[in-house]
Amino acid sequence: MVLVACGPFTPSDSIAFEPLSDLLEVVARDRPDVCILLGPFLDAKHEQVESCQLLGSFSDVFRLCLRTIIEGTRSAGSQLVLVPSLRDVSHDFVYPQPPFPFLDLPKEDRAVPTPEFHFSPQKGAPRRS
């Protein structure tokens, strides 16, 4: 089974990632073979982002999102594919958009990306060697 979900993964009134947590419960319960998550993960059009009301940097909030995804899917055994959006505030907003760099992962989770975790570019982006 393949599960595909598109962001934003936050409600319009907070940056609490409740919709993402609900989605991760479905992933843990249904255990899809592949889970493709399309950004934005931290939406540039979110009210709190536009008004600079975040409690941390964009990168810090994105790392929290990644940690939530990693911890929420660890037991599912799914292949995870994260695809950025042009509206991801913590990533390059050029087209074609490159994949998220592994450096955005928390240090203790950098070993996770292979083979279960993949960062994919937007379609048409050149591959990095």
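1. Terms first. Helices (H or I, at least four residues) and strands (E, at least two) are DSSP runs, numbered from the N terminus. Ala44 sits in the loop between β2 (34–38) and α2.

2. Ground rules. This is a predicted model, where local features need pLDDT of at least 70 and side-chain atom pairs count only at pLDDT 80 or more, while totals for chains, interfaces and linings use all residues. Residues are numbered from 1 along each chain as its sequence is written, and side-chain values use heavy atoms, with hydrogens and water left out.

3. Overall layout. The protein has 4 helices and 4 strands. Along the sequence they follow the pattern β-α-β-α-α-β-α-β.

4. Burial. Buried means under 20% relative accessible area, exposed means over 50%, and partly exposed lies in between (1.4 Å probe, protein chains only). Of the 129 residues in the protein, 43% are buried.

5. Cysteines. A disulfide is a covalent bond between the sulfur atoms of two cysteines. Here the term is applied to a pair of cysteine sulfur atoms within 2.5 Å. How many disulfides does the structure hold? The count is 0. Cys35 has 1% relative accessibility, so it counts as buried. Cys52 is at 65%, so it counts as exposed.

6. Salt bridges. A salt bridge is a side-chain nitrogen of Lys or Arg within 4 Å of a carboxyl oxygen of Asp or Glu. The count comes to 4 salt bridges by this rule.

7. A link between loops. Arg87 forms a salt bridge with Asp43, and the closest N and O atoms are 2.4 Å apart. The pair links distant parts of the chain: Arg87 is in the loop between β3 and α4, Asp43 is in the loop between β2 and α2, and they are 44 residues apart. Is Asp43 buried or exposed? Asp43 counts as buried because its relative accessibility is 5%. Arg87 is at 37%, so it counts as partly exposed.

8. Back to Ala44. Ala44 counts as partly exposed because its relative accessibility is 28%.

9. The side chains of Arg63 and Asp60 meet in a salt bridge (3.6 Å, N to O). These two are 3 residues apart in helix α3 (residues 58–73), so about one helical turn separates them. Arg63 is partly exposed at 30% relative accessibility, and Asp60 is partly exposed at 43%. Another salt bridge joins the side chains of Arg67 and Glu71 (3.5 Å, N to O). Arg67 and Glu71 are 4 residues apart in helix α3, so they too are separated by about one helical turn. Arg67 is partly exposed, with a relative accessible area of 23%.

10. Surface patches. Patches are made of residues with over 30% relative accessible area and no salt bridge; like charges are joined within 9 Å, and nonpolar side chains (Val, Leu, Ile, Met, Phe, Trp, Tyr) within 5 Å. Areas come from the Shrake-Rupley method with a 1.4 Å probe, and for residues only the protein chains shown count as cover.

11. The negative patch. Asp and Glu count as negative, Lys and Arg as positive; His and the chain ends are not counted. Each charge is placed at NZ of Lys, CZ of Arg, CG of Asp or CD of Glu. Asp13, Glu18, Asp22, Glu25, Glu47 and Glu50 form a negative surface patch. Which helix gives the most to the negative patch? It is α1, with 3 residues. Glu25 is found in helix α1 and counts as exposed at 55% relative accessibility.

12. The nonpolar patch. Leu86, Phe93 and Tyr95 make a nonpolar surface patch of about 390 Å². Leu86 lies in the loop between β3 (79–83) and α4 (113–116). Leu86 is partly exposed, with a relative accessible area of 40%.
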